[in-house]
Structure formats: structure tokens, C-alpha cells
Amino acid sequence: MKTKQDFPSINERKAEGVKENGDAYKVLIVDDSMFVTKQISQILTSEGFDVVGTASDGQQGVEKYKELYPNVDVVTMDITMPKMDGVSALEQIIEFDKNAVVVMISALGKQDLVKKSLLVGAKNYIVKPLDRKKVLERILMSLNQ
Amino acid sequence: MAGESRFTSIAGTIAQAQRDAEREDERRQDEHIDFKMVTFSLGGKDYAVDIMKVKEIAKFGNFTYVPNTMHFVRGVYNLRGEIISVIDLRQMFGVPVPDEEKAQESGLIVRVDDHLLGVVVDSIDRVVGISSSEIQPPHPIFADVNIRYISGVVEHEGRLYILLDVERIFTREDGRADGSGLESHGAPGMRGGAGAAGAAGAAGASGTQAATGKQAAGDAAPSAGPAPDASGAGQSSAGAAGADRQAGAVARGASGPGRPQSAAADTDVSFIGEALAAFNAFHPSPINADWVARRFEEWKAERSRAGKEIQLRTEEDAAAFVHPFFSPYTEAFWGEDYLERVARTLPDDDALPGNLNVWNPGCGKGYETYSLAVLLRKTYPEKRIKIWASDIDLLSISTAPNLVFPAASVPEYYREYLVEGTNGFSFAEEIKELILFEYHDVLHENTVPEAGVILSRDLLSMLPQEAQHRVTADFSEKLGPGGIAIPGAQEALDALSGWRSVGGAVNAYTTVGPSSRSTT
Amino acid sequence: MRVEYINPFVESAYNVLKEVLNSEVNRGDLYLKSTSMPVLGVAAVVGLAGDVEGRVLFDMTKETAINIAAAMLEGMDLEKPTELDDMGKATITELANMITGQSVTKLHNLGFQFDLTPPAIFTGENMEVSDTGVEALIVPMEIPQGKIEINVAIRERS
């Protein structure tokens with residue numbers, strides 16, 4: 001008897017946000033904009049990622065990371081935020097967990113900022129406006145490094 | 001003898017007729033021009049508007065279309081920062097609008113009760129001067145609805161002009177003059193041939209009377225006061241109106257010393273001034289009054305030799321009149337002769353304390369700025385120099401920071417500061433870094449500190465008189481001790497109080513008086 | 001305003017609006033305005049710091065703001081907004097942030113040190129913004145959703 005497994009489904013495609021073992025990648029989104037948080041969340045959850053937390057400023061971001069640790073696979077980090085900016089938050093997260101995977105997402109694309117972030121330990125840097133393809137590509141790239 | 005007396009009487013009649021005709025001619029010559037109007041065409045007919053109501057003749061580029069307005073409201077237009085409503089008179093009067101969409105429409109900016117309104121027409125003709133006694137009341141053939149927009153009709157040189165009363169057209173019943181709530185009307189004026197008594201053609205048949213609703217025609221202006229003295233002249237008190245106009249004209253023109261005595265001369269010069277201002281070529285004021293007077297004499301002679309008339313009727317006329325005004329090396333690098341004269345006029349190094357700040361409003365494309373920068377660098381090798389250069393013409397000022405030019409256009413004097421590029425030469429960084437080019441309106445607040453040199457050639461005369469006043473006051477305040485101001489070659493700052501000439505090789509002034517910080 | 005600063009703002013406004021709204025974007029003529037200016041109803045403000053001090057103000061009617069928010073939120077499984085709620089405001093603020101951010105990036109590439117501060121949004125009737133003694137560059141942008149007036153007021157930091 002042929003089972004479903006014998007017939008490859010044309011429509012089936014591996015959701016990119018899901019690991020080999022079937023678990024979803026866990027994401028912490030740090031951004032002071034409700035809109036951006038929603039936008040990133042939308043893009044990622046549609047590909048099977050699991051958004052496990054959000055934070056609206058750098059300080060909150062660091063706290064959330066520590067709280068959720070080790071159950072965060074990737075952090076998306078805005079740069080311009082009140083209270084504590086993204087680069088400072090990045091620094092603290094890396095200090096806490098040197099293997100943290102943090103991807104900067106910002107409206108600013110200044111060379112010196114990009115360099116600094118990468119030096120401090122960010123895995124990648126995405127400049128807004130965001131498009132779905134770019135976001136997924138860069139986040140997966142960072143996870144697979 | 002009967003025969004003799006008959007001939008005598010015929011001869012007498014002829015002679016009488018001749019005398020009458022001569023007197024008529026004399027009368028015509030004596031009737032000096034006391035009313036000027038801007039003429040234009042609308043649906044093939046000639047119309048005119050009192051020049052006193054016209055702020056400017058304009059070409060309208062991009063409108064911003066405003067929805068929910070009457071169809072004749074074209075939208076709003078940005079007139080150098082001020083948003084004004086634009087009305088298409090053709091649409092308003094139901095006159096066919098030509099099919100082709102022009103990139104730029106011709107029109108007038110009219111002033112009604114302190115508001116400016118843009119008015120689109122088919123084409124602007126010229127400025128015509130007449131005697132106000134020539135204005136006839138509108139022909140009774142016009143239907144009621146339209147007659148109120150007509151001040152009168154004028155025949156001039158074979159053409160019949162319908163003189164529109166802009167105030168009536170653009171003022172609502174309650175006295176608001178903001179372009180809102182305008183009604184659509186038929187065209188005033190006769191259809192079917194000028195002068196014809198063709199009744200049917202007259203406005204009555206035309207135009208729908210659209211309901212006056214609340215229309216949002218661009219900016220909602222606050223309610224204005226009662227309409228000012230009707231300019232619709234010629235109805236009755238032509239003489240009085242004429243006199244008023246003259247007085248107004250003289251007041252508007254240069255208020256400098258010693259106006260010529262003759263009333264006719266007065267009128268002509270001040271009307272020249274108005275035409276210049278209307279064409280936005282030039283604004284007479286005490287600063288340039290001497291030049292205007294001298295130029296006017298010259299112009300009169302020139303024009304009568306050429307058999308042309310004195311009045312400025314077109315933009316070309318205005319430009320021709322103003323042409324000799326401009327300072328040497330306008331829009332060009334200063335030649336060595338001029339550089340030398342400026343150098344001799346500059347204060348001594350020790351007369352200028354501290355850093356040398358320079359203010360250069362109205363710098364255009366920057367030729368004079370670079371010229372001055374190089375001159376200052378060579379004259380004061382040790383000083384820290386900073387030049388604030390600005391202009392309101394975006395296109396010109398945008399090219400200034402990276403000005404590129406052929407080597408041939410630059411005198412030897414500048415050589416050491418030039419660098420060669422792919423498209424030509426430009427100035428070396430050490431000169432460029434002295435200059436800050438800004439897109440800036442000199443009438444707005446600026447952040448220029450106290451300056452040792454103010455270079456502003458021909459700018460003042462391009463500003464309306466009140467603005468000239470403000471800017472020169474600003475110059476006075478900003479000029480530091482020992483500093484000099486260099487206006488245009490034909491601009492005399494010492495016509496104003498608080499300034500005196502430094503007697504330099506170029507036209508230059510410094511401040512005097514108790515508020516002055518001049519060291520001399 | 002310094003000539004070199006103009007293009008980055010103009011280009012960024014065009015680029016970001018085009019990309020985010022995916023529609024026709026037309027730029028009106030630039031001009032200069034001084035001191036206090038009436039606000040159309042919704043104003044998003046982003047602060048500038050660094051070589052200069054000042055701010056960029058994005059001015060539009062409430063209707064335009066709602067239309068823009070609707071366009072940007074399209075496809076995000078949210079109800080189409082009919083009012084300017086918190087999400088709508090966050091959307092407009094983000095638009096302001098992106099345009100200013102891209103401008104600052106371009107200016108940086110030209111050698112100017114600019115920074116931006118987190119944006120704020122103001123809504124209300126008959127609002128007026130008064131910046132004493134500052135001249136502003138106005139960049140009018142026309143989009144299908146309405147008109148946005150970008151108002152840049154910058155002062156060189158001596």
C-alpha cells in the first residue's frame with residue numbers, strides 16, 4: 001500500500017524557520033517600533049520561526065535575553081532606541097553569551113556603525129526598508145555560521 | 001459781396017476745423033498717462049487689469065491640484081514659499097480652454113485685499129499706459145451678471161480692451177477675498193466681434209451660475225476687511241482717481257531726495273519703476289534712485305532716437321532698461337583689474353580683529369564667492385577665513401560647491417588654486433573649505449556671525465523696497481568693527497542713514513552712528 | 001540649508017516612499033520656509049544631531065496617514081485601519097525613521113557626521129510648530145495616498 005510518504009507532495013517545502021529536528025528557531029525581537037516588531041514577526045512566523053519574546057528598548061532586550069537564555073536562537077536588534085541603543089545592548093548580550101546570534105536591523109546604514117556592530121559581535125546587519133527575502137536570507141545565514 | 005462772404009465762410013469753417021483739430025491734438029498730448037494696465041488675452045479677446053493690482057506677471061509651472069474645488073480653481077501654487085490659489089479665468093468665464101497642455105501657463109499674480117491670487121490667462125500681452133479719461137463705462141449690452149466684473153472698456157491703438165475689476169471678481173458677497181466660494185460666470189465681454197451690438201452673443205447666454213458653496217480653494221485665508229478703494233477707474237471721478245494713482249505711484253517709487261518737478265516726468269519715472277517691479281526685474285529705492293534717474297534720462301534719449309516709446313511694455317523692455325545696472329563680472333570670475341580695486345578697498349589686516357567672517361548673500365552660482373575667496377586668501381595669508389554664501393535660486397546655488405569650468409575662463413590670478421578634473425577645472429580644497437554654500441532666503445533668519453566683509457552685489461535692488469530695508473538693517477547689525485559692505489556698483493548704501501562710503505576703489509561702505517561699531 | 005545636505009533628503013524620501021508604498025511618487029518643487037508653520041494634522045518628527053542640530057518633520061493630514069498606514073500594513077493580517085491607532089502611528093513613525101535614516105547614511109558617505117534620535121509623532125487639530133529662528137527646507141512629496149510635506153530645519157553646529 002502506498003503511503004503519503006511514497007508520493008512527494010509538490011506543495012510541501014521545508015519551512016525555513018524550522019531546524020532539522022523539527023523544532024522551530026526561537027527569536028527575540030528588540031525594536032522600539034510596534035510596526036517593525038509586527039513586520040519582522042510576520043515574516044519570520046510565516047516561515048515557521050517561533051517568536052519567543054519582544055523588547056522595546058536595549059535594556060529590556062538584554063534582560064529578556066538573559067531571562068529566556070538558553071532558549072533564544074537568534075536576536076534581531078534595532079539600533080536607534082530610547083534608554084539604551086542597539087549597539088550597547090549587543091555588547092552586553094555578547095558579554096553574557098559569546099555565542100549569541102544577533103542580527104542588527106536598522107534604518108541607518110552608516111559604514112562605521114556596521115563595522116562597529118560586526119566587530120562587537122553581530123553576525124549580520126540589515127538596512128531598512130525590510131523585504132521578506134532579505135530578512136530570511138540574512139537570518140538563516142547568521143544561524144548557519 | 002455774397003460770393004466772397006461764402007468763400008470766407010467756407011474758409012472760415014475750414015480754418016475753424018483746423019484749429020479745433022490742432023487743439024484736439026494738443027489736448028491729446030497734454031493728457032498724460034495716468035493709468036497703466038496689464039493687457040492679456042482670454043478666448044481671443046483683449047482684457048486688461050489695473051497694474052496697481054498686479055503684483056507680478058508670472059509663468060505657472062506645476063500646480064498642485066486641489067480636489068473638491070470648483071473647476072476653475074486650478075489648484076494651489078507655490079510662489080517662492082507662499083501658497084496661493086490659482087484661478088483659471090478661462091474656466092471661470094466659460095471660455096474655451098485650448099487643448100494643448102502647456103508646461104507653463106501664462107498668468108498674473110494679483111493682489112486683492114492683502115491676498116495674492118494667481119490668475120491663468122491665454123497669454124500676457126503688454127503693459128499699456130493710457131489716460132484714465134479714456135476709460136469708458138461698460139456697454140449696457142452686458143448682462144447684469146457680468147457687468148459688475150468690468151470696470152470699463154478702453155480703446156487703444158485700434159484695440160478694444162475690457163478692463164476687469166479683479167476685486168469684484170475675487171471677492172465674495174461677504175467681503176472675503178480668498179478665492180473660495182467663487183461662482184462660475186460667463187465671460188464678460190462681447191461675443192461675436194468687437195464693438196458689435198450683437199446682443200445674443202453677450203454674456204447672458206454664457207456660463208452657469210454655480211451655487212456658492214464653501215469651497216476649499218487652497219489655503220483658507222482669514223476674512224479680510226472691506227474691499228479697498230475701488231480701482232475701477234474712469235467711471236466718474238477720473239480726475240480724482242488719476243491724481244490718487246499718481247500720488248500712490250510716486251509714494252511707491254523712490255522716496256529719495258529731490259523728485260523732478262514736472263508731474264509728467266514724475267509719473268513716467270515712477271511708472272517705469274512699477275513696470276520694472278511688475279516684471280520682477282528691479283525695485284527702485286533710495287539705494288538705486290540716482291542710477292534710476294540717470295538711466296531714465298539715457299533711456300528716454302535712446303528710445304526717442306530709435307523712434308521707440310519710453311514705456312516698458314514687455315519683459316524684454318524691462319530687461320533692456322535694467323541691463324547696464326549690473327556690477328562688473330556678474331556671473332563670471334573677477335578680472336585682475338577688478339580684483340585689484342577690491343584689494344585696495346579691503347581693510348588692513350590689523351583693522352579686522354580675529355577671524356575673518358564673510359557674508360555673501362545672493363551669490364548666484366558662486367563666481368564672485370570663489371573670486372573673493374582667492375583674493376582674501378592671498379590678501380590675508382594668516383587669517384582664518386570663513387565665507388557664508390547663499391542664494392534663493394536652487395539651481396544656481398546647487399552648482400556652486402562643485403563648480404566646474406574651462407581653464408580659459410579663469411584669469412592667471414587664480415591658477416595656483418585650481419585643480420584639473422575630467423570635465424574641466426575646479427577649485428582646490430583649500431579654497432572650497434573656506435566656503436559654506438547655502439540654499440537660503442535672505443529674508444529669513446540666518447546664523448551668520450559678525451562679519452568683516454559683506455559682499456552683496458545687486459541683490460538689494462532685486463528685493464521689494466520693504467525687504468531692502470530689512471536686509472540693510474541686518475547688514476548694519478552684522479557688520480563688525482572695521483568691516484566693509486560691498487553692494488552693487490550702482491547701489492549707494494549711504495543713501496540710507498547709518499552708512500558712509502569708505503571712498504574705496506570699488507563701491508563700498510561702512511556703518512556710522514552711535515550704534516555703529518566702526519573704529520573710525 | 002547647506003547645499004550638500006539637500007539631495008540626500010530628497011533622494012531618500014523618493015527611494016523609501018517608492019519602495020515601501022510600491023507606487024508612483026512625485027516630488028514637488030523645493031522651497032524655503034521660516035519659523036512657525038501650521039501642521040496638517042499628523043506630524044512625525046525625527047531629531048538630528050552631530051555636525052548639525054535640528055530635526056526633520058513629516059507633515060500630512062490624518063487621512064493621508066491612515067492611507068499610508070493601510071498600505072504599509074497590507075498583508076500583515078491586521079484589519080484595515082479606519083482610524084490612526086497606535087499601530088498606525090508606529091507605522092508613520094517608522095516611515096519617518098527610514099527616510100531620515102537613509103538620509104543620514106547618505107550624508108555620512110559624503111563625509112558629514114549626522115545622527116538621528118528616536119522619532120516622535122504628534123496628532124491634533126490646528127497644530128502649529130514653532131521653531132524660533134530656523135529656516136526650513138520643504139520637500140513636498142505626492143503619493144497616491146495623499147501629500148507629505150517633509151520639513152527639514154538644520155543649523156550648523158559651529
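These exercises with worked solutions concern a predicted model.

Residues are numbered from 1 along each chain as its sequence is written, while chains are lettered from A and ligands numbered from 1 in the order in which they are written. Local features need pLDDT of at least 70, side-chain atom pairs count only at pLDDT 80 or more, and totals for chains, interfaces and linings use all residues; side-chain values use heavy atoms, with hydrogens and water left out.

**Exercise 1. Rings around B:Phe321**

Task: Describe the aromatic pairs that B:Phe321 forms with B:Trp291 and with B:Trp299.

Solution. 
Step 1. Rings of Phe, Tyr and Trp (its six-membered ring) pair if their centres lie within 6.5 Å; planes under 30 degrees apart are stacked, over 60 edge-to-face and the rest tilted. The whole structure holds 25 aromatic pairs over all chains.
Step 2. B:Trp291 and B:Phe321 pair edge-to-face, with 6.1 Å centre to centre and 85° between the planes. This pair links distant parts of the chain, 30 residues apart: B:Trp291 is in helix α7 (residues 289–305) of chain B and B:Phe321 in helix α8 (residues 315–322) of chain B. Helices (H or I, at least four residues) and strands (E, at least two) are DSSP runs, numbered from the N terminus.
Step 3. B:Trp299 and B:Phe321 also form an edge-to-face pair, 5.2 Å centre to centre with 70° between the planes. B:Trp299 lies in helix α7 of chain B and B:Phe321 in helix α8 of chain B, so this pair ties together parts that are 22 residues apart in sequence.
Step 4. Buried means under 20% relative accessible area, exposed over 50%, and partly exposed in between (1.4 Å probe, protein chains only). B:Trp299 is buried at 1% relative accessibility, and B:Phe321 is buried at 0%. B:Trp291 is buried as well.
Step 5. B:Arg295 lies over the face of B:Phe321, 5.4 Å from the ring centre. The criterion is NZ of Lys or CZ of Arg within 6 Å of the ring centre and within 35 degrees of the ring normal.

**Exercise 2. Backbone exceptions**

Task: Locate two cis peptide bonds in chain A and two residues of chain B with positive phi.

Solution. 
Step 1. Most residues other than glycine have a negative phi, and most peptide bonds are trans.
Step 2. The bond from A:Tyr69 to A:Pro70 is cis, with omega near 0°; A:Pro70 is in the loop between α2 (58–68) and β3 (74–77) of chain A.
Step 3. The bond joining A:Lys128 and A:Pro129 is cis, with omega about 10°; A:Pro129 is in the loop between β5 (124–127) and α5 (132–143) of chain A.
Step 4. B:Glu157 has phi near 50° and is exposed, with a relative accessible area of 57%.
Step 5. B:Asp458 has phi of about 70° and is buried, with a relative accessible area of 7%.
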